[in-house]
Amino acid sequence: SLRLFENMKTASAILPAHPCPGLNLRVWLANNFLKLTDSKSEALLMTPNKTTQVSSDLATLPFDLKQCVTNLGVKIDTQFSMGPQINAVVRSCFYQLRRLVRLKPILKRAHLESVIHAFIISRLDYANSILIGLPASALNRLQVVQNAAARFLTNTPRREHITPVLARLHWLPVNFRVKFKILIFVFKALNGLAPDYLSDLVTRYVP
């Protein structure tokens with residue numbers, strides 16, 4: 001599985017002399033006894049004005065232009081709304097939560113919490129830094145999942161406030177988890193604990 005990212009000022013910039021925009025990639029694959037399969041390749045076009053119309057220049061591409069593609073398990077859409085990704089996480093988490101109902105009677109509280117972290121919280125945290133800047137309405141759907149997991153673990157009634165429960169469990173709400181992940185990245189970048197391609201993007205502020 002290979003990924004190629006190109007930044008273009010105009011749609012026509014994607015068309016080099018060769019009809020395939022991944023010419024250099026195709027040559028590299030051929031030199032390493034690999035082949036780029038056009039029928040299995042996907043392309044995602046993201047524009048500043050969020051237009052959905054495809055330029056005639058792009059219509060000739062051998063790749064299928066998709067509205068949403070999956071990269072390392074993260075669904076990215078053309079609008080960068082992260083809606084498909086949030087839908088997938090919510091659906092997966094509630095599926096796992098329903099399965100855990102059968103295990104709850106035979107697990108101790110500490111073991112059940114570990115299982116919830118492994119199957120629910122880990123999905124909420126995976127690649128969550130990409131959710132930074134999203135409106136609260138989008139993150140609230142993920143918060144509903146965390147709330148449900150906390151109520152399931154602590155047997156908290158639905159009408160009872162969940163904020164004190166999250167505090168007792170030491171579970172950061174979803175929006176704070178996203179910010180915390182970004183702060184970790186920044187801290188590592190400023191202290192030489194991150195790859196150079198991340199450290200070069202951060203400049204230390206000196207008043």
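This is a predicted model: local features need pLDDT of at least 70, side-chain atom pairs count only at pLDDT 80 or more; totals for chains, interfaces and linings use all residues.
Let me begin with Gly 73, which is placed in the loop between strand 3 and strand 4. Gly 73 is in contact with Gln 85 and Tyr 126, once its neighbours within four places in sequence are left aside; contact means heavy atoms within 4.5 Å.

Residues are numbered from 1 along each chain as its sequence is written, and side-chain values use heavy atoms, with hydrogens and water left out.

I turn to the overall architecture. The protein contains seven helices and four strands, and their order along the sequence is α-β-β-β-β-α-α-α-α-α-α. Of its 207 residues, 29% are buried; buried means under 20% relative accessible area, exposed over 50%, and partly exposed in between, with a 1.4 Å probe and protein chains only. The accessible surface comes to about 14300 Å², and 59% of that belongs to carbon and sulfur atoms; these areas come from the Shrake-Rupley method with a 1.4 Å probe, and for residues only the protein chains shown count as cover. Among contacts with a separation of 6 or more, 58% are between residues 24 or more positions apart.

Returning to the loops, which residues have a positive phi without being glycine? Leu 72 has a positive phi of about 55 degrees and is not a glycine. Leu 72 is found in the loop between strand 3 (68-71) and strand 4 (74-77), and it is exposed, with a relative accessible area of 58%. Ala 127 also has a positive phi of about 55 degrees without being a glycine. Its loop runs between helix 3 (109-125) and helix 4 (136-154), and Ala 127 is partly exposed at a relative accessible area of 28%.

In strand 3 we find Cys 68. Cys 68 is partly exposed, with a relative accessible area of 30%. Not counting residues up to four places away in sequence, Cys 68 touches Leu 44, Lys 75, Ile 76, Asp 77 and Pro 84. The C-alpha atoms of Cys 68 and Glu 42, which are 26 residues apart along the chain, are separated by 9.4 Å.

Next, helix 2. The 21 residues of helix 2 (residues 83-103) should span 30 Å at 1.5 Å a residue, and the end C-alpha atoms are 31 Å apart, which agrees; the expected span is 1.5 Å times one less than the number of residues. Which residues of helix 2 are buried? They are Gln 85, Ile 86, Ala 88, Val 89, Val 90, Cys 93, Gln 96, Leu 97 and Leu 100. An α-helix has 3.6 residues a turn, so residues three or four places apart point the same way. What covers the buried residues of helix 2 includes strand 4, helix 3 and helix 4.

How many salt bridges are there? The count comes to one, where a salt bridge is a side-chain nitrogen of Lys or Arg within 4 Å of a carboxyl oxygen of Asp or Glu. The side chains of Asp 125 and Arg 177 form that bridge, at 2.8 Å from N to O. The pair links distant parts of the chain, with Asp 125 in helix 3 and Arg 177 in helix 6, 52 residues apart. Side chains of opposite charge can pair when their charged atoms come close. Asp 125 counts as partly exposed at 23% relative accessibility, whereas Arg 177 counts as buried at 16%.

Helix 6 (residues 174-190) also holds Phe 176. Phe 176 is partly exposed, with a relative accessible area of 45%.

Ser 199 is buried, with a relative accessible area of 17%. Leaving aside neighbours within four places in sequence, Ser 199 is in contact with Ala 189 and Ala 194.

Conventions. Helices (H or I, at least four residues) and strands (E, at least two) are DSSP runs, numbered from the N terminus.
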